[in-house]
Amino acid sequence: MAGFARETMALAILLLAILACSAELQRFESPAKPDGSLSILIVGDWGRKGQFNQSQVATQMGRIGEELDIDFVVSTGDNFYEDGLTGVDDKAFEESFTNIYTSKSLQTQWYSVLGNHDYRGDVLAQLSPVLRNIDGRWLCLRNFILNAEIVDFFFVDTTPLVESYWTNPEDHHYDWREVAPRENYIPNLLKDLDAALKESTAPWKIVVGHHAMRSVSEHGDTPELLALLLPVLKDNGVDLYVNGHDHCLEHISSKDSPIQYLTSGGGSKAWRGVFTPNSDKLRFFHDGQGFMSLQLTVAAANIVFYDVFGQELYRWSVTKSLRAAE
């Protein structure tokens with residue numbers, strides 16, 4: 001019996017190793033509306049226990065969410081400041097999420113990525129099913145796919161791609177459990193993402209990450225994403241790349257591909273006072289708080305940015321047939 005147990009254990013370890021090497025991105029489903037449309041809100045960089053106008057932004061999200069009859073909410077990361085969560089029992093989860101986003105329209109599923117500030121705490125806590133038991137709206141994983149019939153969302157954990165967090169963390173500690181070593185994480189992520197994008201037959205392909213590809217605000221472009229991630233997006237016909245990190249609202253169009261870069265990182269503390277143009281086409285920039293909405297049909301995507309008062313700042317549309325409506 002002892003020999004059988006050892007063989008069984010060895011087989012289990014081997015199977016786990018095989019699965020780890022060939023793991024596909026986890027997939028979730030969210031049906032579109034009966035008419036085939038989809039409405040969502042996107043917000044990032046928010047978790048400050050209601051401070052820095054987080055509560056005001058949340059109130060306006062609730063109002064717009066009701067008007068649009070949203071299907072779910074996307075968070076672009078930096079969910080809990082300054083240093084993530086201390087564990088699954090950290091009251092900051094409820095103080096910054098459950099107790100803030102109380103509007104009826106926001107009682108829907110939230111799909112979240114991790115940000116660099118989240119990595120300064122207990123990352124595994126944010127990924128834990130325990131939080132989903134506390135608030136069923138919460139779903140945060142490193143890398144995953146959300147299929148919503150007319151669109152596939154690809155959520156990407158971008159923090160490990162940024163080399164300086166590993167080599168020059170300054171006074172911060174980053175929780176690299178289940179990620180390190182970086183040289184293994186990056187090629188596996190890019191391989192899995194490329195395969196998933198190639199398999200996608202959805203009319204729209206949208207990638208969500210925390211760090212910006214292109215930004216004219218404080219953090220600016222992320223060189224590692226431009227070098228490592230952007231080629232995968234270009235090769236696979238991705239329509240939109242949506243991010244947070246810079247505490248502002250932005251729309252930048254790529255000059256050498258159809259990709260649109262959208263920053264929604266105005267969920268709380270903002271107003272950085274930095275503007276540094278880059279080589280792509282800047283269509284819209286708001287150095288302040290707010291959020292964005294995305295409405296999709298098979299044929300068209302409509303994007304709107306709102307400020308902290310819920311006022312519409314900017315609207316833009318793109319179609320599958322014409323690519324862009326000026």
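## Helix H7

The buried residues of helix H7 are Arg 182, Tyr 185, Ile 186, Leu 189, Leu 190, Asp 192, Leu 193, Ala 196 and Leu 197. "Buried" here means under 20% relative accessible area, "exposed" means over 50%, and "partly exposed" is anything in between, using a 1.4 Å probe and counting protein chains only. This is a predicted model, where local features need pLDDT of at least 70 and side-chain atom pairs count only at pLDDT 80 or more, while totals for chains, interfaces and linings use all residues. Residues are numbered from 1 along each chain as its sequence is written, and side-chain values use heavy atoms, with hydrogens and water left out.

H7 covers residues 182-199. Helices (H or I, at least four residues) and strands (E, at least two) are DSSP runs, numbered from the N terminus. The expected span of a helix is 1.5 Å times one less than its number of residues; for the 18 residues of H7 that gives 26 Å, which agrees with the 26 Å between its end C-alpha atoms. Its buried residues pack against strands E1, E6 (144-147), E7 (151-155) and E8 (204-208), plus helices H6 (163-167) and H8 (223-235), where contact means heavy atoms within 4.5 Å. An α-helix has 3.6 residues a turn, so residues three or four places apart point the same way.

Glu 24 is in the loop between helix H1 (2-21) and strand E1 (26-29), and counts as exposed at 64% relative accessibility.

## Helix H2

Now for helix H2, residues 54-68: its 15 residues reach 21 Å from first C-alpha to last, close to the 21 Å expected at 1.5 Å a residue. The buried set in H2 is Gln 54, Val 57, Ala 58, Gln 60, Met 61, Gly 62, Ile 64, Gly 65 and Leu 68.

What covers them? The cover includes strands E2 (38-43), E3 (72-75), E4 (110-112), E13 (290-296) and E14 (300-307), along with helix H3 (92-98). Just after H2 comes Asp 69, with a positive phi of about 50°.

Strand E11 (residues 260-264) is largely enclosed by the rest of the structure, because five of its five residues are buried. On one side you'll find Gln 260, Leu 262 and Ser 264, and on the other Tyr 261 and Thr 263, so to speak both faces are covered.

Two strands count as paired if DSSP finds at least two bridges between them. E11 pairs with E9 (residues 240-243) in the parallel sense over four bridges, with Asn 243 bridging to Thr 263. Strand E10 (residues 249-253) runs antiparallel to E11, joined by five bridges, and Ile 252 stands opposite Tyr 261. E10 and E11 make a hairpin with six residues between them.

## Salt bridges

Side chains of opposite charge can pair when their charged atoms come close. A salt bridge here is a side-chain nitrogen of Lys or Arg within 4 Å of a carboxyl oxygen of Asp or Glu, and the whole structure has 18 of them. One of them links Asp 157 to Arg 142, with the closest N and O atoms 3.7 Å apart. Asp 157 lies in the loop between E7 and H6, and Arg 142 in the loop between strand E5 (138-140) and E6, so the pair ties together parts that are 15 residues apart in sequence. Both residues are buried.

Asp 256 is exposed, at 58%, whereas Lys 234 is partly exposed at 34%. Elsewhere, salt bridges with shared partners join Asp 122, Asp 175 and Arg 177 into one network. Within it, the closest N and O atoms of Arg 177 and Asp 175 are 2.8 Å apart; Arg 177 is partly exposed at 42%, and Asp 175 is buried at 5%.

## A nonpolar surface patch

Which residues form a nonpolar patch on the surface? They are Val 88, Val 130 and Ile 134, with about 200 Å² of accessible area together. Patches are made of residues with over 30% relative accessible area and no salt bridge, joining like charges within 9 Å and nonpolar side chains (Val, Leu, Ile, Met, Phe, Trp, Tyr) within 5 Å. Accessible areas come from the Shrake-Rupley method with a 1.4 Å probe, and for residues only the protein chains shown count as cover. Val 130 is in helix H5 (residues 129-134) and counts as partly exposed at 37% relative accessibility.
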